[in-house]
Amino acid sequence: MEIGRASVLESISHRFGNGFLLTASMSVLAFLYLPIAVLIIFSFNDSRILSLPFRGFTWKWYEALLNNADLQTAIWNSFYVGICATFLTLLIGIPAAFALDRFNFPGKTMFRRFVLLPLALPGVITGISMMNMFRAMGIQLSLETVILGHATALVSVVATQVFARLQRLNRSFEEASADLGARPWQTFCYITIPNIRSAIIGSALISFTLSFDEIPVTFFLTGRDNTLPMYIWSTLRRGITPEINAVGTIILVVSLVLIVLSVWLIQHDDQKR
Amino acid sequence: MKHSTRRTFEKYGVLSAPLVWTFIFLFVPYILLFTYSFYIKQFPTFTPAFQFGNYAQIIADSQYYQVIFRSAWIAGCVALSALFLAYPFAYFLVFKVRSARVRMILYMAVIVPLWVSYLLRAYTWKTILGNEGILNSFLVWAGIFAEPSDLFLYNKFSMILTLTYIFIPFTVMPIYTALEKIPRNLTEASHDLGVGPLQTFWNVILPLSMPGVIAGMTFTFCLASGDFVAPMLVGGPDGFMIANLMTSQFGAAMNWPLGSALAMIMLVVVLTIISLSDKFQRAGRVELG
Amino acid sequence: MRPIIRIEGVTKTFGSKVVAIQDVSLSINEGEFVTLLGPSGCGKTTILRMVAGFEMPDRGRIILGDEDVTDVPPYRRPLNMVFQDFALFPHMTIAQNINYGLKVKGIPKPQAKKAVEDVLKMVELVSESERRPNELSGGQRQRAALARALVHKPKVLLLDEPLSSLDANLRAQLRVELKHLHEKLGLTFLMVTHDQTEALVMADRVVLMQDGRIAQDGTPEQIYDHPASIYVANFIGTTNLFHGRVVAINGGDITISSGDQELIARPSLAVSGIGDDVAVCVRPEKARIVSPGTDSTNLNTMTVTVEELLYHGSSVRVQFRLKSDDLFLVDVPLATASDRDRLPKTGEEITVGFAPGNTTIFPWEERR
């Protein structure tokens, strides 16, 4: 029996292939976490300047956070905007996903393009175009205009996720429900929604997260009240203190907790299927 | 009520909210932008008109079209470097990591940085690359440089580095998804036919992952070209991009018509790229069963 | 027996080209077990879905009892369906699945509880009632789907290929169970299947479909013993076919000339004149090997060469090659040891024969 011989290239690549991949992947991770590590380290640095050497461990920047009323207002504003915007994206995005999955109507392709557009379109365009419109209509910029901007930019997140889930949903469940006597709205509440729950929750979380850190759209639509990113932006222009690092670290920790929670929830949910 | 009438009622009921929203907040603003792009700048704001002067200015005046090309060039570099870093990582996760749990942890590890403020992450690069930054301190300490260099900041290099950094996660995600969908028995079949791993990758895996690659690169290119934060933080004069140009037209320069024209150009370019990308993805998409 | 379902002149087209159902009319009587049988794409599932209300006919009407329900949505029709993949709601327990329809209709809780318990007892799933569908075996899921439909005591039970996702042994067992269930409950069953054994075993009436039209509508015996066309003869069981021309008709006999021989067949209303182009069909189990010395004057006989012996467990299918180069099949039962000993060997030349009374003739169709 003839057993084939590997070419030189093949042998080398096989030996070093896995090693290469492992190194490359770990390097990528190291690259990704370097600034974050720097961020965290300097939030504990007892020095105003964000550079080496490391002068000593301190909590004082975290303490300063507690006294910073502006920062706290900004955080609160971000939550307010995030929750309202997410609510709106669900309200608009879920019907949009259904319409795209189930119905045919004139102008469907154009509608689809428009809904998906803000996903890959730089936020500046959404921000500028909406700012133009509000100005032309004489509407003052405020947190509410920011909410509308975020919702517009983020609807596509919900729409795409829910749409993908709907495509995978077995249509016979809804037919069985109708066959057993449930009216369309009952089928929707009792059968459809529970089965796309993970997509709804997942996309809502992503939507909220994106809203929380949103910059370009917010930049053009902010009035007097700042969201957290706008606050950080103005601080960066003025002169940074490590308080900002403390904020970043806290956000990281909270997000980590949230992610772990949501993944656990979704896994738990899916296990029941 | 007749069944078909009921269906139509249902259909438009569901459609109403998204349609109205899309019309008011997407369609109308773009129309407005389109209209403004033909106006003339007149102190203090602008007057209605129908003229192509703004577009002509953009094409003719080098300070404008240079910015456009620079943005495209930088965005292209970012897309490529993000690809070269993201692909091996995604490949490693999908094909080399055995445990599903470890795979998920590593995947999450790539997503987690997205949760730290974009501003902060970009700003931190400024501190790392600057004269008193970590990189310079390290190089001086190691004796490689005699004194801190300002090679690293406020130029195209720092722009590309920072933006690549931001967009790696966004490139990993679609490639990971595309690779995951490839049935494992295809690689097994390839090996069974006597084809080694390298060739299998080139002939089987890479082509099948193309839709994900295209999606990731399109996304990165479009968003990187329209970024205005990184240029302001780490770009310096060399990093002035189209979004900054637009912002200044709506700000200090008070030239809304010109800004609108720029925005329209960007809108059209992005739309074109997305359509092309869609076509490529669909052409390259093979039914994986 | 009065019709409980009437399908009148129904046509359905999908897209602009695919005509799924072409002017089909069918009547189903109360208490019957009717099977719609046919290959995939013949339109049988479409008809079932139209009766259930999930598709609407382009032309024609569907009448349930005395009411025209063509325009009535599925949740207002008094029938229930068992879906092909069972469609049990994954996020509910079996008990909740069964209770679902009662809940949405607003049936009071104590009444609903009792109905669910009763039907669980009937399908023997009481101990699984708190489990979820993915924890049950295929057979258990089928019973759960049945229970969920039957708890509403529908006038008509629709079944969409209910056994197709189960393995062979389970299918054999459940065929009989479903038949018993039908007899016990006295409901009307309308079932779709592509498996002819299921149709023959379970149904009172088989409706065989071909390309959107009804090919034959009759009892299992009628369809099997008196197929109306080549399509039916080939679809149900296997058959031997001779292509010939009518040369004589006298009373109880009709003579066909096929190739270089003459066959006597049993007359049929479908074939009337001398010179008609016909097919003569005889089932393999109705043909016999004629041992030398047996009286074969009343049989059609021919000399053939043994080509292959296909062992089927309880019988052997002997494949013969005719002089015309066609194949001829004979099923020989293997009841005793001596049956096996008397089997011919490959290459032998033998005489086979079949009685005229065991033939069916119908007009020849040049189809493949």
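These legends walk through close-up views of a predicted model. Local features need pLDDT of at least 70 and side-chain atom pairs count only at pLDDT 80 or more, while totals for chains, interfaces and linings use all residues. Residues are numbered from 1 along each chain as its sequence is written, with chains lettered from A and ligands numbered from 1 in the order in which they are written.

**View 1. Chain A is built from helices, with 12 of them and zero strands.** Helices (H or I, at least four residues) and strands (E, at least two) are DSSP runs, numbered from the N terminus. Following the sequence, the pattern reads α-α-α-α-α-α-α-α-α-α-α-α. Chain A has a radius of gyration (over C-alpha atoms) of 24 Å, well over the 19 Å from the globule rule (2.2 Å times the number of residues to the power 0.38) for 273 residues, so it is more spread out than a compact globule. Along the principal axes, its C-alpha atoms fill a box of roughly 85 × 70 × 35 Å.

**View 2. Chain A splits into domain 1 (1-36) and domain 2 (67-271).** Those bounds come from an automatic or database domain assignment. Between the C-alpha centres of the two domains there are 39 Å. Across the 273 residues of chain A, 42% are buried, that is, they have 20 or more other C-beta atoms (placed from the backbone) within 10 Å of their own. As for contacts (C-beta atoms, placed from the backbone, within 7 Å), 80% of those in chain A with a separation of 6 or more join residues 24 or more positions apart.

**View 3. Here chain C meets chain A, with 20 residues from chain C and 16 residues from chain A in the contact.** On the chain C side, β6 (79-82) and α2 (94-105) each supply at least two residues. The top contributor on that side is α2(C), with four residues. By type, the chain C side divides into 12 nonpolar (Ala, Val, Leu, Ile, Met, Phe, Trp, Tyr, Cys and Pro), four charged (Asp, Glu, Lys and Arg) and four polar (the others, Gly among them).

**View 4. Ala86(B) and Ala90(B) have the most contacts inside the largest nonpolar core, a set of 146 residues.** A nonpolar core joins buried Ala, Val, Leu, Ile, Met, Phe, Trp, Tyr and Cys residues through C-beta atoms within 7 Å. Helix α3 (residues 62-96) of chain B gives the most to this core, 16 residues. Leaving out residues up to four places away in sequence, Ala86(B) touches Ile168(B), Thr171(B), Val172(B), Ile175(B) and Gly216(B).

**View 5. A second, separate core has 106 residues.** Among its members are Val151(C), Met209(C), Val280(C) and Val304(C).

Definitions and conventions: Two residues are in contact if their C-beta atoms, placed from the backbone, lie within 7 Å. A residue is buried if 20 or more other C-beta atoms lie within 10 Å of its own, exposed if 12 or fewer, and partly exposed in between; C-beta atoms are placed from the backbone.
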